[in-house]
Amino acid sequence: EKFALATVAADNIVLEMMGRPTRDQGMNALAGNVMAEVMTAMGPRGVNFAKYSIDYHVLRNYLYILKEWGPRRADRAVPEYV
């Protein structure tokens, strides 16, 4: 969960929804390739990657619904187990 929260906090889509400044550019190609290798070696794998991916997308989508619909309607739209 911590990894998913950190990813959501750095996501440009989420930053824009929260009214925070977004980054205009990503990493340069070399840094991106190094980061990809590190994440492949150290990041979540298999079932843990699936759990991370689901957590990340649920958090991002919930924040979107919260922003667009407001807290009252969002609470009704999102199941309790989420």
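Tyr52 and Tyr56 are both buried, where buried means under 20% relative accessible area, exposed over 50% and partly exposed in between (1.4 Å probe, protein chains only). The model is predicted: local features need pLDDT of at least 70, side-chain atom pairs count only at pLDDT 80 or more, and totals for chains, interfaces and linings use all residues. Residues are numbered from 1 along each chain as its sequence is written, and side-chain values use heavy atoms, with hydrogens and water left out.

**Exercise 1.** Determine how many aromatic pairs the whole structure holds, and classify the pair of Phe49 and Tyr52.

*Solution.* Step 1: rings of Phe, Tyr and Trp (its six-membered ring) pair if their centres lie within 6.5 Å; planes under 30 degrees apart count as stacked, over 60 as edge-to-face and the rest as tilted. Step 2: a search of the whole structure gives two aromatic pairs.

**Exercise 2.** Locate Phe49 and Tyr52 in the secondary structure, and state the accessibility of each.

*Solution.* Step 1: helices (H or I, at least four residues) and strands (E, at least two) are DSSP runs, numbered from the N terminus. Step 2: both residues belong to helix H4 (residues 46-69), three residues apart, about one turn of the helix. Step 3: Phe49 counts as partly exposed because its relative accessibility is 43%, whereas Tyr52 has 16% and therefore counts as buried.

**Exercise 3.** Classify the pair of Tyr52 and Tyr56, and identify the cluster.

*Solution.* Step 1: Tyr52 and Tyr56 are stacked, at 6.3 Å centre to centre and 20° between the planes. Step 2: they are separated by about one helical turn because they are four residues apart in helix H4. Step 3: ring pairs join Phe49, Tyr52 and Tyr56 into a cluster.
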